[in-house]
Structure formats: structure tokens, C-alpha cells
Amino acid sequence: MTLPLVPSDRTLHIYLSLAQYPVLSTQIRSRMRRELFARGVISAQAFETEAHEKAIRSQALEGLHDPFSEEPAEIWDLRLTRVRDHLTDFYFAYNLPFELFERIVRETLDERGAGVGEAGLSFNPELAPQNMLFEQASLIEKMPPAERAENEARLQEIKVVLIRTMISDQLAYVKIAKDWFTIADLNEIRARKIGQGKIGGKAAGMLLAARILAEEGDEDCRSNLRLPESYFLGADLTYIFMALNGLMTWGDQKYKLEHEIRADYPRIQEEFIKGEFPEDILDRFRKLLDKVGNTPLIVRSSSLLEDNFGTSFAGKYESYFLPNQGDSEENLRQFTTAIARIYASVFNPDALLYRRARGLQDYDERMAVLIQVVQGERFGRYFLPHAAGVAFSRNLYRWSPQIRREDGFVRIVWGLGTRAVDRVGNDYPRLVALSHPLLHPESSVNLTRRYSQQFVDLIDLEENVFKTLPVEQVLTSHYPALRYLFQVDHGDYLAPVRIMLGEHPGHDLVLTFDELLRRTPFPKRLSRMLQILEKSYGSPVDTEFTLRLVDPHSAHPEVEITILQCRPQSHIQESQARLPQELDPRDIIFSTGSMAPQGRVSEVDYVVFVPPEGYFSLPTSSARAAVGRLIGQINALLKNETFICVGPGRWGTSTPDLGVRLGYGDIYNTRALVELTGSFMGQAPEPSFGTHFFQDLVESNIYPLAIELEDPDTIFDRAFFYNTPNHLLEFIPDAAPFETSLRLLRVADFRFGSHLELVMDDQAGRAVAFLAPEARA
Amino acid sequence: MTELINAFQMAQRQFDHVAEQLNLDPQIAEVLRWPSREFKFSIPVRMDDGSIRLFFGYRVQHCDVRGPGKGGIRFHPSETMDTVRALAMWMTWKTAVADIPLGGGKGGVPVDPATLTTGEKERLCRGWIQQIWRNIGPRQDVPAPDVGTTPQMMGWMMDEYSKLVGKYTPGAVTGKPVGGGGSLGRTEATGYGVIYTVREAMQHLKLDPTKSLAAVQGFGNVAQHAAIGFTELLGGKVICVSYWDRADRASYTVSRAEGIDPRFLKSITDQYGTIDKDQAQKAGYVIEDADAWIAKDVDVLIPAALEGQVNAETVKKVSDRVRLIAEGANGPTTPEADEFFKANNIFVIPDFLCNAGGVTVSYFEGVQNDMNYYWTREEALQRLDTKMTQAFKSVLEMSEGEKVFMRDAAYMVAIKRVVTAMELRGWI
């Protein structure tokens with residue numbers, strides 16, 4: 001065995017800690033060795049042999065070749081002692097728990113009469129053993145107020161060190177967290193942590209949110225808030241695992257070329273899965289699994305970069321559901337495999353390239369792991385929560401003017417929240433504007449049905465696997481929360497499930513969640529929680545949650561909300577969606593104040609424009625419908641370009657008199673759909689924002705926008721829209737009859753070397769498209 | 001009526017049980033567990049001796065979502081608000097299962113009418129109307145005769161109501177005498193209604209009525225017409241009836257193995273339902289003890305007397321041949337006996353379906369009052385047959401579809417219809 005070449009905080013930490021005790025360190029190390037020998041980590045003999053070999057090899061490194069004649073005995077002894085010390089630190093760090101090290105330090109100090117209380121005044125919290133920090137801090141917390149006030153700064157310092165070493169060192173996080181966590185909270189986290197290092201972003205966010213809500217929430221919020229039973233694997237375990245299994249060779253992966261990164265990943269995964277954990281860690285895993293019993297678990301990545309302020313690795317790192325229904329060996333095997341997979345996901349090409357793009361490449365990314373008991377109920381052979389989803393404190397998707405942005409927005413699904421978190425192509429979560437929970441984005445029963453959830457994610461306890469199943473396969477009339485989640489489709493209206501006969505409810509049920517939203521305190525409660533979090537975070541937040549209806553058969557069931565995760569609402573970067581301070585009016589192509597969403601579309605090269613006059617002067621409905629079909633062709637031809645569509649009235653209406661008739665399939669490559677309203681529409685209808693496929697727009701991040709042409713605050717550069725050359729015929733040569741009703745504009749034709757930037761600034765309440773010079777390489 | 005078991009709580013419990021079978025929304029269940037309106041009022045009546053006696057009157061309107069309330073007025077000494085509530089709720093289910101566009105109500109006065117002279121009764125009836133007339137009426141709540149009240153009293157009540165509103169309003173009260181706004185066919189309505197459901201049930205059970213025997217308990221209005229109906233409409237044989245002998249203060253079973261002639265027996269029955277034993281014996285009838293009817297070797301038992309007659313004790317005597325129980329009376333079967341029937345696969349037509357003929361013709365009476373045109377007896381009975389047959393079929397369908405006992409099925413059909421109406425009217 002050679003000294004590790006890998007950076008190891010564990011060894012380093014022991015080394016630095018001992019550096020504080022220049023004299024006592026000898027005694028401490030000797031005790032450490034005693035522990036190593038007594039616990040059978042290595043025999044005294046083998047240890048001595050290795051120390052000798054290493055000492056001799058170190059002579060060679062230092063230019064000596066004859067171990068005995070060239071070095072005086074006392075120097076040789078010093079050499080041997082130092083090598084022994086290093087070896088001691090190394091073996092201890094990799095085989096025995098850090099807590100034991102802390103205990104030895106404390107005991108040695110105590111024997112010296114250097115009690116913690118005394119030492120506390122002079123020790124350096126950055127290097128002190130954690131136990132000592134906790135003891136010191138709780139000592140301060142227990143002091144009488146006056147005395148405590150004197151030590152408040154010290155307490156704060158300790159807290160910060162603990163937060164930084166145990167949870168996250170992201171400054172933005174520490175800044176908020178230090179105001180909320182108590183020493184007791186931190187102690188609780190320590191008790192649930194395995195291995196050294198931080199517990200990472202996801203775990204950090206969840207704990208902080210729970211703490212804030214427990215502190216700031218009213219009685220209603222507190223008594224209905226739940227935190228899932230959670231355990232944490234410290235981030236340093238990644239390196240121990242890699243070192244132990246010879247995986248450090250992959251450490252430089254992030255600097256390789258993209259095709260190499262991609263090519264290597266399958267092999268990395270394979271090797272990680274084969275890797276083994278040190279015995280002391282395995283032991284703790286076993287204890288953890290014993291403790292939680294046969295309850296499904298979710299093992300989630302909680303990397304140091306993940307979920308922190310300003311970055312989101314949504315979907316880049318992995319999470320695994322463990323049904324946990326096998327025997328204890330099988331459960332442990334699945335558990336360790338999941339962790340190994342998560343470790344491997346640090347080298348996931350998507351994650352590495354994302355980091356490269358964001359300038360996060362050089363960060364020493366490590367992967368902590370968050371282990372949570374899955375929230376849910378058993379239903380027959382399945383296990384799933386009554387509902388789960390993602391909640392945002394700011395509603396960026398307003399489909400109706402009365403929706404209040406600040407009340408929040410939810411994507412909610414039946415079953416595990418994976419369907420709401422991930423955007424799955426073939427299925428839809430229910431979108432809820434928390435200010436108007438019953439206001440659907442869709443305008444008709446047909447659409448509500450069409451944009452309703454059809455599949456449910458759950459754990460099949462019998463088969464011990466995570467599954468996605470069609471809703472009707474899982475649902476029976478006996479499902480306790482049925483009437484809160486589903487409604488009956490009566491053809492022209494949806495009604496609550498008043499009576500449910502038979503074993504299988506049939507196909508006329510639709511997942512609308514309306515009764516949950518109408519009849520329970522859920523929407524108000526969640527909205528309040530989000531507001532509290534936003535206020536305390538000082539920024540909009542997004543959260544993952546599950547909910548449980550308590551006693552769903554009662555007339556007025558309670559709703560418990562479990563917060564699984566909380567982070568600043570980051571998928572739209574603040575800076576990106578802010579209007580530039582000074583915009584030259586000559587650069588503005590259009591500017592509108594009606595219900596701007598928040599976001600940005602950069603580097604728009606093409607604009608598909610349907611001139612209202614041209615469109616409405618088309619003689620027949622079928623001619624107008626043809627415009628929709630042409631746009632469908634353009635959509636396909638421009639699939640590698642960035643373009644937006646601007647046209648009169650409702651995009652996607654079924655009535656060509658109200659706007660361009662087309663389907664989502666005709667338009668999905670566009671980045672924004674802009675509705676023009678004005679007197680040409682007759683009595684101007686309210687903007688509908690692609691009502692017919694609003695959900696599709698949300699799922700694929702296409703921004704809906706409206707321009708009220710007669711609004712005096714509106715800017716609409718007619719020269720751009722009407723005078724820029726029309727490229728329609730170059731793309732579709734036989735479209736000549738439609739040259740006046742469909743214009744395909746190239747931005748660079750209007751101003752050479754320019755493209756459009758479309759910025760939708762929620763704060764300013766404006767969306768502006770302006771010309772910007774080409775900056776691309 | 002014993003108060004040891006609170007009748008209303010029992011009615012609620014029964015409802016809860018069905019609500020659970022229906023997986024009914026608990027918030028809606030809570031609405032239906034309680035009457036929507038209750039009235040209690042005092043009625044001072046000038047007695048014949050010049051004194052003034054104070055009576056109390058009740059009216060409970062349980063649910064009027066399917067239409068105006070419907071239900072009798074009882075003059076009975078042990079009447080309480082809770083008995084009235086229970087019966088009002090029960091009327092909601094009964095009108096719903098019969099699928100007539102009416103709701104459930106009930107009223108009463110705690111009094112033994114036998115202690116009142118005719119004039120005192122009339123003043124009590126008019127007094128009752130004077131206190132409640134604003135809250136009843138053809139579009140609100142329509143009373144009818146019940147225990148202790150008669151068609152004559154209904155005539156007074158209708159008259160009082162018409163005077164108070166200033167318009168002839170026959171539809172405000174039903175069960176009026178024929179010629180005073182009453183409907184033809186009302187006398188035989190309940191008994192014939194029983195037989196229409198018996199006919200449908202026998203068809204379902206593949207029993208041939210002409211080869212079947214029936215035993216009838218009781219010989220009041222319902223039993224008489226059930227017996228007549230079974231023999232004349234279905235061509236079957238009734239081999240016994242039972243009756244309460246006022247003179248002996250005892251019940252007897254009157255049997256004849258080759259089949260009784262109900263019209264003959266009716267002709268020797270007095271106004272209180274007592275059969276002339278001697279004449280019967282002379283005509284070849286055998287007089288047996290009270291419970292003999294239930295032990296007869298027959299295909300069909302029709303308990304059409306009082307409640308609780310088929311109980312844990314008497315059910316043991318039921319013959320193996322029995323395939324069908326038609327509950328002409330209200331609540332003749334106790335839960336224990338019900339269990340026996342379930343276990344032995346004996347088909348039961350539950351009371352509030354089986355004897356819904358009465359309320360159905362009450363509804364017809366209101367319909368005829370409204371259009372001011374009166375049907376012949378045959379027309380009325382023909383329509384009754386249609387209604388009863390439809391009602392029976394919908395309950396049977398529910399019973400088979402949901403694999404539940406007919407009694408539960410009848411409640412389920414009823415409650416489902418009420419809930420549907422609530423939904424369609426936007427109450428829920």
C-alpha cells in the first residue's frame with residue numbers, strides 16, 4: 001500500500017487538527033495506533049514493516065541510497081517517526097470514524113487537564129474537531145443571557161463553521177442558513193450523516209426550508225408541515241469510494257473533449273457499480289436500512305454545486321427509487337448500487353458539459369447523497385403519495401390576466417412527483433395558479449381531459465420496482481383520495497365524484513385535482529409556505545413537495561405537505577430576464593406590457609409574421625387554414641434556427657376567424673408565440689395565450705406573449721414587420737398566393753449583423769424585442 | 001312506538017351504511033343526514049266543552065331536491081320530532097326509489113284521535129293548516145293521510161288551505177276522498193303496487209304465479225288488495241290471511257288449503273279489519289293461531305300488517321318452499337330475519353319499494369289536481385303498474401350490478417337519484 005496520491009480531506013483534516021497540538025499529537029497518534037491495532041485494521045507488525053519500507057523509499061526520494069550508513073541514527077528515527085505519523089493518519093482516516101478521532105483528542109486533552117471549556121477560548125473553530133465545536137456551542141447556548149450575549153459572535157462563528165463543513169460552503173446559502181439553524185438542528189443533521197464532508201445542495205435546501213417554515217409559519221403551517229425522514233452521506237465519501245476502488249483515474253474527465261466524455265461514460269458507470277464501500281461505512285448502511293425497515297427509499301444526488309443559488313442541475317444528476325422490499329442483503333446491494341450510480345453521475349456528460357457551459361468546470365464537485373423515506377401510502381400492491389409536484393413562489397405562466405404572479409404556481413401529479421419534476425413528453429401535470437386554483441389553463445372539457453395526467457409513477461411493492469403505469473390500471477373505486485383528485489366527465493361538464501359504484505371506476509374519470517383545490521386548505525397553505533420561503537430566501541423559490549390527505553373519508557380532510565426540496569427559483573436566471581438599463585428606441589422592434597412572462601429568448605434570427613390585414617383578407621376559411629399548414633412547414637424547415645412567431649389573434653384557435661388555426665405540431669420549434677390584438681379582430685378578444693395548447697407551450701418552454709396594438713405604451717415597428725424582405729418563397733416555392741398573408745423575415749436583412757433579443761421582464765412588466773449586434777464567434 | 005331506540009338515529013345509521021356502499025362524498029352525506037327544514041308549532045283548539053286545549057304540531061321537510069315534499073300526517077300519542085324526522089327521511093328515499101318527482105316530508109300531532117269528537121278533529125286539522133300553510137303547498141310540500149288521519153281530514157285540510165290562500169288548491173293535500181279531489185284507484189293502490197312488484201320478482205325468479213301459493217299477514221287495506229291482486233291479477237292462490245280480532249284481543253290466521261276468496265272474506269270484515277270467524281268457518285275456512293301464516297308451505301310470503309312481525313323467532317318457522325318475501329307493511333322484517341333470508345337465498349322486495357304504490361297514486365292525485373282532469377280507475381292503475389315495474393327493475397339492476405341485497409340496492413338507487421338531482425341543480 002502506498003500513501004494515497006489523491007487529495008483526501010479526511011487525512012488532511014486529521015493532520016491539520018493534530019497540528020494544533022504540537023506536543024500532545026505524539027500521544028494522540030499513539031492512541032490512534034492502539035485503536036488501529038486493537039480493531040484489527042492492521043497488525044502492529046504489518047504496520048511497522050510498512051513504515052520501514054516507506055522510510056527507506058523516502059530516503060531514496062531524498063537522494064540517499066544506503067539506509068544505514070548515510071544517515072545518522074537520530075535522523076533515521078525522526079524519519080521513521082514522521083512516516084509512522086503519516087501512516088497512522090492515513091489508516092485512521094480511511095478505516096475508522098472521525099468521531100473516534102475526536103474522542104481520542106478530547107480524552108488526551110482531558111488527561112492534560114485542558115478541558116474543553118478552557119480550550120474553547122483559544123481553539124480555532126476551522127480546525128477543531130466537530131465534537132468540540134458542538135460542545136462549545138451548546139455551552140454558549142446554555143449560558144445566562146448576559147454572558148451569552150458576550151459570546152454571541154463566537155457562537156455565530158461556530159455555527160458558520162459547522163454549516164460550512166457539514167452542509168454547504170456556498171456563501172449565499174451560509175448567509176441565510178446561519179440565521180435559521182440552531183445548534184440542535186445541526187446536531188440532528190450530524191446524527192443522520194454518514195461519512196465526512198458536506199451533505200450537499202439538495203439536502204441543504206430541504207433542511208433550511210423546513211427550519212424557516214417551522215420558525216416563521218403560523219400554527220396552521222407548522223402543524224401540517226412534514227419533513228421526510230432523511231439521512232445524508234457526506235460528500236467526501238465519494239473520494240474514499242473512488243480511491244478504494246481505483247476510480248481516481250477518472251478525476252480528469254471534466255477536461256476531456258466532449259466526444260471522449262460521452263464515450264467514456266458507460267464504462268465509468270460500469271466500474272462504479274462494481275466498486276465496493278469500506279466495511280465501517282457498509283456497517284452504517286446496514287444499520288440505516290435496519291432502522292427504516294421495508295419502507296421504500298429514494299436515494300438522491302445532493303452535489304455541492306447542485307441546487308445552490310444560481311445554478312440548477314435539474315435532471316443532470318440521478319435519483320433512484322429503492323422499493324426496499326427484498327431481504328436485507330438484497331436491499332443493501334440495491335442501496336449501494338444506487339449510491340455508486342449517483343457517484344458515477346458526476347461524470348455524466350450532460351452534467352460535465354453543463355458545468356463547462358456555466359463556468360463551473362474547475363470547481364471540485366463532490367457528490368453527497370440524500371436518502372429519504374419515500375412519502376406515500378400503500379394502495380394494494382402499490383406505493384405512492386396522494387399527490388406530489390413542484391411549486392414555485394412566482395407564477396411565470398399566467399394564462400389569464402387576473403392570475404397573481406406572487407401567489408405562486410404548481411405542477412401537481414398523482415403519485416410520485418417524478419412526472420411533475422421531469423417534463424415527460426406524452427403526459428401532463430395539472431398546472432395550478434395558486435391565486436386562482438380552479439382556473440384551468442384550458443378552456444373546454446375536451447382540452448382539460450386531453451391535458452390531464454394519463455400515467456402514474458409509483459413503486460410496485462410486489463415486484464420491488466419503480467414503475468410508470470396507466471392511471472386506470474392502478475385506480476380502483478376504493479382509492480381513498482379518489483374524489484379529491486378525479487372528476488367525472490359528463491361530456492359537456494366535469495363534476496365531482498359524488499358516488500362511486502363498482503370495483504373499477506371506468507374511463508370517464510379525469511385527473512383535475514379540482515376537489516383538492518376547492519375543498520381543502522391545500523392551495524392557500526402551500527401559497528403561504530412559498531411566500532414565507534421567498535421572503536426568507538430573499539428570492540423566489542421552487543420546491544418539490546408531496547401531500548397527504550389525512551383521513552380522506554372524513555367530510556373535511558386535512559392536508560399535510562412535505563417539503564422535499566427547496567431552492568431559489570433558478571431556471572430563469574435573474575440577470576437574463578432583466579431589461580437592459582438603456583435601450584436605444586431605434587433598436588426596439590416591439591415592446592408590450594400585457595402580461596409579460598419572465599424569461600429570455602436570445603439570438604433570434606427569424607421572425608414568422610402573419611400580417612393581420614393580409615390574413616383576414618384571405619377569401620375563405622380554407623385559405624386561412626392553409627396559412628397554418630405553411631407555418632407547419634416553416635416550423636420543420638427552421639428546426640435548427642431560433643425563431644419566433646407573430647400573428648393576429650389566437651394562435652392555435654380552431655376558428656380561423658379568431659387567429660391562425662394550427663396545432664402544437666405545427667409550431668413546436670418556435671421560441672415564442674406572439675398574439676397581436678386590436679380592432680382588426682372586431683371586438684378584441686382577451687389574449688388567450690395559445691389556450692388550445694398552453695400546456696404544450698409550458699412543457700416545451702415556448703413563451704406566449706400578447707401585443708395590444710392600440711395600447712399607447714405598445715411599440716410595434718411596422719417597418720420591420722412590413723418592409724423587410726419576405727423569404728417565404730425561398731423556403732416554400734409554391735407559396736406565392738400567400739406572400740401577403742405570411743411573411744418570413746430574416747432579422748439581419750433589417751439591420752446587417754444583428755439579431756433579436758427578446759427579454760420578458762416580469763419585474764418591469766414588459767416584454768421587449770430589440771436588435772442586438774451579432775456576438776457569436 | 002318505543003323510544004328506547006331513537007328512530008331518527010336508526011334512520012341515520014341506515015343511511016350511513018348505504019352511503020358507505022355508495023362511496024358517497026362525505027360532505028354530501030352530511031347534508032342528507034339531516035332534514036332541510038323542521039317546524040314545530042302549537043295549535044290551540046276549542047274543545048266541545050268550551051275549554052281550550054293546546055296541541056303541538058310538527059312538520060319536517062327532509063329533502064325537496066327532486067320536487068315538493070311528500071308525506072303523511074300522523075295523529076298518534078307517541079309521535080315525537082325524531083319519529084317524524086326519521087319518517088321524513090324515509091319518504092325522501094321512497095319517492096326517489098319510485099322515481100316520482102317529489103321529496104320527503106312528514107308531519108304529526110301527538111294525540112290519540114279516538115279521544116276527540118269529530119268537531120274537535122276538524123278544528124285540530126284546520127288549526128294544523130293555519131299554522132303551517134305558508135310553508136306547504138303543491139309546489140312546496142304536500143301532506144297526506146297516515147296513521148290516525150283519514151281522507152275526510154284531508155278534505156278539511158285542503159279546504160282550510162284553499163281558504164287561506166284564497167284559491168281552490170286541491171293539490172295542497174292528497175289522499176282526499178274521491179269526488180273531493182281524490183284519485184280513483186287510491187284504495188287499492190298500495191296492495192296492487194305490492195302485487196305488481198311480486199309479479200316482476202316472480203318473473204325474475206322464474207316462478208309461475210298460477211302454480212304458486214302465497215300467505216298474507218294482515219287483512220287491512222293493503223293485505224286485502226294484495227290478496228285480491230295475487231288471485232285476480234296473477235292467477236295465483238292465497239291460502240291464508242291473518243287479522244286482529246277486536247273482540248278477542250288476539251290475532252288469528254284464516255286459512256283454506258284450496259285458496260281463500262279475498263272478496264268473500266272482505267265482505268265479512270268489519271270497518272276495523274276484524275273478520276267474522278263464525279261466517280268464515282261456516283264457509284269452510286280454518287281458524288289458526290296468529291303465527292300460523294308464516295309457517296305455511298308457500299312460495300310467497302306477504303307480511304302486510306305491522307312492523308317487526310318477521311323476526312329472529314318467527315323466521316325459524318319459514319318453510320323451505322318460500323322463495324319470495326314481499327314487504328307490504330313498513331319494516332316487517334328485523335335485521336336478524338334479513339340475515340336469514342340472505343343466507344337462504346330468499347328474495348326480498350323491500351318495504352319502501354314494495355309498498356310505494358300508495359305514494360305513487362298520491363302523486364297521481366296531485367297531477368290530476370294540477371291539470372284539473374281526472375283519470376279512470378283503470379288509467380290510474382295502469383300508470384301505477386308502469387311506475388312500480390320501472391322502480392322494481394331499476395332496483396333489481398342495481399342489486400345485480402353491485403351484487404348487493406335488494407334492500408340495500410333500493411336505498412342505493414334512491415340516494416343516487418337524490419344526489420344526482422342535487423348535482424344537476426347545483427346544490428353541490
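Visitor: Which residues of helix α11 (residues 183-191) of chain A are buried?
Guide: They are Ile183(A), Asp185(A), Leu186(A) and Ile189(A). Please keep in mind that this is a predicted model.

Visitor: How do you know where on α11(A) its buried residues lie?
Guide: Looking down the helix axis, the buried residues of α11(A) fall within an arc of 160°, so they line one face of the helix.

Visitor: What covers the buried residues of α11(A)?
Guide: The cover includes parts of chain A, among them α7 (130-142), α9 (152-166) and α12 (200-216). Strands β1 (193-194) and β3 (230-233) of chain A are also included.

Visitor: What makes Arg746(A) count as buried, exposed or partly exposed?
Guide: Let us set the count against the cut-offs. Buried needs 20 or more other C-beta atoms within 10 Å, and exposed needs 12 or fewer. Arg746(A) has 17 of them, so Arg746(A) is partly exposed. The residue lies in strand β26 (residues 743-746) of chain A.

Visitor: Which residues does Arg746(A) touch, leaving aside those up to four places away in sequence?
Guide: Arg746(A) touches Asp605(A), Tyr606(A) and His727(A). As for Glu102(A), 644 residues separate it from Arg746(A) along the chain, and the C-alpha atoms of the two are 68 Å apart.

Visitor: How many of the residues in chain A are buried, as a percentage?
Guide: Chain A has 777 residues, and 45% of them are buried. The chain holds 30 helices and 28 strands, and its C-alpha trace spans about 105 × 65 × 55 Å along the principal axes. Among contacts in chain A with a separation of 6 or more, 75% join residues 24 or more positions apart.

Visitor: Why are β12 (residues 455-460) and β13 (residues 465-470) of chain A called a pair?
Guide: Two strands pair if at least two bridges are found between them. Strands β12(A) and β13(A) have 6 bridges, so they pass, and they pair in the antiparallel sense. Within this pair, Val456(A) stands opposite Leu469(A) in β13(A). The hairpin of β12(A) and β13(A) has 4 residues between the strands, and Asn464(A) takes a positive phi near 60° there.

Visitor: How do you know whether Asn372(B) is buried or exposed?
Guide: Exposed means 12 or fewer C-beta neighbours. Asn372(B) has 10 inside 10 Å, so Asn372(B) counts as exposed. Lys403(B) has 9 inside 10 Å, so Lys403(B) counts as exposed too.

Visitor: What is the order of strands in the open sheet of 5 strands in chain B?
Guide: The order is β1-β2-β4-β3-β5, with mixed pairing. Strands β1 (37-46) and β5 (141-145) of chain B each have a single partner strand and stand at the edges, so one side of each is left without a neighbour in the sheet. From one strand to the next the twist averages 20°. Strand β3 (residues 69-75) of chain B runs parallel to β5(B), joined by 5 bridges, and Gly71(B) stands opposite Pro143(B) in β5(B).

Visitor: How many residues of chain B are in contact with chain A?
Guide: There are 13 residues of chain B in contact with 12 residues of chain A. The largest share of the chain B side, 4 residues, comes from α2(B). By class, that side has 6 nonpolar, 2 polar and 5 charged residues.

Definitions and conventions: Residues are numbered from 1 along each chain as its sequence is written. Chains are lettered from A and ligands numbered from 1 in the order in which they are written. This is a predicted model: local features need pLDDT of at least 70, side-chain atom pairs count only at pLDDT 80 or more; totals for chains, interfaces and linings use all residues. Helices (H or I, at least four residues) and strands (E, at least two) are DSSP runs, numbered from the N terminus. The arc is that of the directions from the helix axis to the C-beta atoms. Two residues are in contact if their C-beta atoms, placed from the backbone, lie within 7 Å. Axes are lines fitted to C-alpha atoms, for helices over the stretch in contact, and angles run from 0 to 180 degrees between N-to-C directions. Ala, Val, Leu, Ile, Met, Phe, Trp, Tyr, Cys and Pro count as nonpolar, Asp, Glu, Lys and Arg as charged, and the others, Gly among them, as polar.
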